[in-house]
Amino acid sequence: MSRTELHIGKLRKVELKSEQSLEDFYKEKLREVGITELRSCDNDWEDCFRDKFREKYFIVNNIIWEVFDHTEKDDSDDIYDLKPNEDGTLSFIIKFYNGGTCLSECIEEELEKIKI
């Protein structure tokens, strides 16, 4: 059932290990939850990663962002607010009707608007 969602939290940029590729990161995180092979519905490791961690990690312009200090509340009317913090993290308040969008689309849309 579709409903309005309100999410409040922070984002931090994921720093890859030296010589670690994005694909290596995806595989590492997926192994941690027991996924070692691509499923037939996945095009590649990024596809599998995005599906498994759709509300934990967001990928924009080959930068991975991790959500933390995240809470979800109920309310109405859309609100998109994403602000940089002095420590390099991003704070967000996202409120949307989930019959037309999802948290990942909202955050990715806001990340594309800011200059990082």
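Keep in mind that the model is predicted. Helix 1 covers residues 22–32, and helix 2 (45–52) is one of the elements its buried residues pack against. As for disulfides, a search of the whole structure turns up 0.

**Helix 1 and its buried face**
- Leu22, Phe25, Tyr26, Lys29 and Leu30 are the buried residues of helix 1. Looking down the helix axis, they fall within an arc of 125 degrees, so they line one face of the helix.
- Those buried residues pack against helix 2 (45–52), strand 2 (57–60) and strand 3 (63–73).
- Just past the end of helix 1 sits glycine 34, with a positive phi of about 90 degrees.

**How helix 1 meets helix 2**
- The two axes come within 9 Å and cross at roughly 45 degrees, which makes helix 1 oblique to helix 2.
- The crossing of helix 1 past helix 2 is left-handed.
- On the helix 1 side, the contacts come from Glu23, Phe25, Tyr26, Lys27, Lys29 and Leu30. Their partners in helix 2 are Trp45, Glu46, Cys48, Phe49 and Lys52.

**Cysteines**
- With 0 disulfides found in the whole structure, cysteine 41 is in none: its nearest cysteine sulfur belongs to cysteine 48, 7.4 Å away. Cysteine 41 is exposed, at 55% relative accessible area.
- Cysteine 102 has its closest cysteine sulfur in cysteine 106, 6.8 Å away and too far for a bond. Cysteine 102 is partly exposed, with a relative accessible area of 30%.

Methods. Residues are numbered from 1 along each chain as its sequence is written. This is a predicted model: local features need pLDDT of at least 70, side-chain atom pairs count only at pLDDT 80 or more; totals for chains, interfaces and linings use all residues. Side-chain values use heavy atoms; hydrogens and water are left out. Buried means under 20% relative accessible area, exposed over 50%, partly exposed in between (1.4 Å probe, protein chains only). Helices (H or I, at least four residues) and strands (E, at least two) are DSSP runs, numbered from the N terminus. The arc is that of the directions from the helix axis to the C-beta atoms. Contact means heavy atoms within 4.5 Å. A disulfide is a pair of cysteine sulfur atoms within 2.5 Å. Axes are lines fitted to C-alpha atoms, for helices over the stretch in contact, and angles run from 0 to 180 degrees between N-to-C directions. Angles under 35 degrees count as roughly parallel, over 145 as roughly antiparallel, 65 to 115 as roughly perpendicular and the rest as oblique. A crossing is left-handed if the near helix is turned anticlockwise from the far one by less than a right angle, and right-handed if clockwise.
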